[in-house]
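Please open the structure in a viewer and keep the selection tool at hand. The stops below proceed one selection at a time.

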Amino acid sequence: MSLATEGIAAGLGTAANPLRVAIVGSGPSGFYAAEALLKAPLAVEVDMLERLPVPYGLVRYGVAPDHPRLKQPTVIFDKIAQSPGFRFFGNVAIDRDVSLEDLRATHHAILFACGAEADRRLGLPNEDLPGSHTATEFVGWYNGHPDYRDRTFDFSAETAVIIGQGNVAIDVARILCKPVDDLRQTDIADHALEALAASRVREIHLVGRRGPAQASFTTKELRELGEIPGCAPVVGAADLALNPACSSELERKTNFIAAANVETLRGWAANPVAAPGKRIFFHFLRSPVAFRGDARLQGITFEHNALTGPPFEQLARGTGELHDIACGLVFRSIGYRGRPIPGVPFDAGRGVFPNEAGRISGAPGLYAAGWIKRGPSGIIGTNRADAVATVASILHDATNSEATGLNRHPKGGSAGLLAALDRTGTRVVNYEAWRRIDSEELRRGAELGRPRQKITRIEEMLALAGLPP
Ligand code: NAP
């Protein structure tokens, strides 16, 4: 018996009893999961919940405004949203507007694609001194995320430090250094444009705890830092010295990104550019050990590290040698963690929902995809295969419901969900209403010669969606 016909025999996945799946989160993994579900050879209905009134998660609020090509997947997401069987429930947060129990009652499966919204911590005293921020806050702020739009950053000091050497750190450095007139051509939030135009930051220090061979940024993003008008990358030859284990890491063919990164950095070290304006300094093998300052940040003390361990498993160990960078601003860009949701098993060490092939451990009917499933790694496209794998688990469980125990009784789906949301007085933004917000952002942007002017207040989004205050 094929997967599909087994499902039909059990009644789940037929027109009379469609498989009803609630997806929590509307970023890439949520949309790719919806696509895979709606292409399945079963009758499937997908209700996508998003706590903000607007969709697309990190594509809207994480991708840097000067990287518009990376936002192109929204064209595909928009097509997926037009599929029969898909419904969008914007401005709906689990546990705020609808409980997990309600969702279990209305849907056969709940797929969490809610990303990794919290930050890793360094665990140092004074980590939260005024002037010390997470990259998440800064990225959310310049991208007009309603949660972060009212944050303030003091750009009056000339020196800023970024801790961590991934692509988010690179985005932060680039936005700090790019000429504001270049940013004016993007959909960066208006408040960010205004504040960055007055910024006095001229020196940015990008600091990594391991060496250049272990930095996790990609070469294209690294090279972009060498192409910013009026800004020069600076790296000392001593920072690029490699131990034998690093050299052997770089020799491995599959490690070509690290090899190209090191080559790029060596090029900058060998041919220093006279810095006309701003400079981005790269420092390797340094860990922060203290944030200095009383009322606000005045500097950071770093300890030099040496790498120990075999190739690809090298860890940074402090040497005791200290080094200080005076600065007024620091962005901690050391990765993300998922947030727990009451009733859903949570691995507090890794910040993910523990799972096997997307099935959340010990919680039948609950699934995970994307960063909340595997941790915060990869590019947007990585989430497609990841979501497809989780959907394969859901379809398997649905078509073998007797063996897997997935509840196969007919469920209320979107009608049941709407009734539950009515009880809590939730103002639901459907996809048509999102398109009204979208059109208005595009219209305002066009008037200014920009791709879009983002609306950053939830109440204004809801008013444009036609919902009463
Ligand atoms: P990431 O690539 O994991 O980088 C995190 C950085 O923080 C690493 O350098 C890591 O060093 C460092 N770190 C972690 N814990 C630390 C600690 N306690 N002390 C000092 N340093 C610490 O994460 P990300 O930059 O947040 O990016 C997340 C994902 O989004 C990545 O897959 C990234 O490629 C992707 N992304 C892509 C783009 C793009 O394609 N343009 C843009 C933004 C983000 P260790 O290696 O030593 O752990």
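**A tour from the ligand outwards**

Begin with the ligand: one of its nitrogen atoms is 3.1 Å from an N or O atom in the side chain of Glu221, a polar contact being a pair of N or O atoms within 3.5 Å; within protein, one must be able to donate a hydrogen and the other to accept it, and residues adjacent in sequence count only if both atoms are side-chain atoms. The model is predicted, and local features need pLDDT of at least 70, side-chain atom pairs count only at pLDDT 80 or more, while totals for chains, interfaces and linings use all residues. Residues are numbered from 1 along each chain as its sequence is written, and side-chain values use heavy atoms, with hydrogens and water left out.

Next, select Arg209, where a polar side-chain atom lies 2.8 Å from an oxygen atom of the ligand. At Gly378, a backbone N or O atom lies 2.8 Å from an oxygen atom of the ligand. The protein buries 81% of the 930 Å² that the ligand exposes when taken alone (Shrake-Rupley method, 1.4 Å probe; for residues, only the protein chains shown count as cover).

Now display the shell around the ligand. It has 20 residues, of which Gln165, Arg209, Arg210, Ser216 and Gly378 come nearest; a residue is near if one of its heavy atoms lies within 4 Å.

Select helix H7 (residues 167–177), which supplies the largest share of the shell, three residues. Helices are DSSP runs (H or I, at least four residues), numbered from the N terminus.

Proceed to helix H6 (residues 135–142), where eight of eight residues are buried, that is, under 20% relative accessible area (1.4 Å probe, protein chains only). Among them are Phe138, Trp141 and Tyr142. Just after H6, Gly144 takes a positive phi of about 75 degrees.

Helix H2 (residues 28–38) has ten of its eleven residues buried, so it is largely enclosed by the rest of the structure. Its buried residues include Phe31, Tyr32 and Leu37.

Finally, select the cysteines. A search of the whole structure finds zero disulfides (pairs of cysteine sulfur atoms within 2.5 Å). Cys231 is in no disulfide, and the nearest cysteine sulfur, that of Cys177, is 3.9 Å away. Cys231 counts as buried at 7% relative accessibility, and Cys246 is buried with a relative accessible area of 4%.

Technical notes:
Helix = DSSP H or I, 4+ residues; strand = E, 2+ residues; numbered from the N terminus. Buried < 20%, exposed > 50% of the residue type's maximum accessible area, 1.4 Å probe, protein only.
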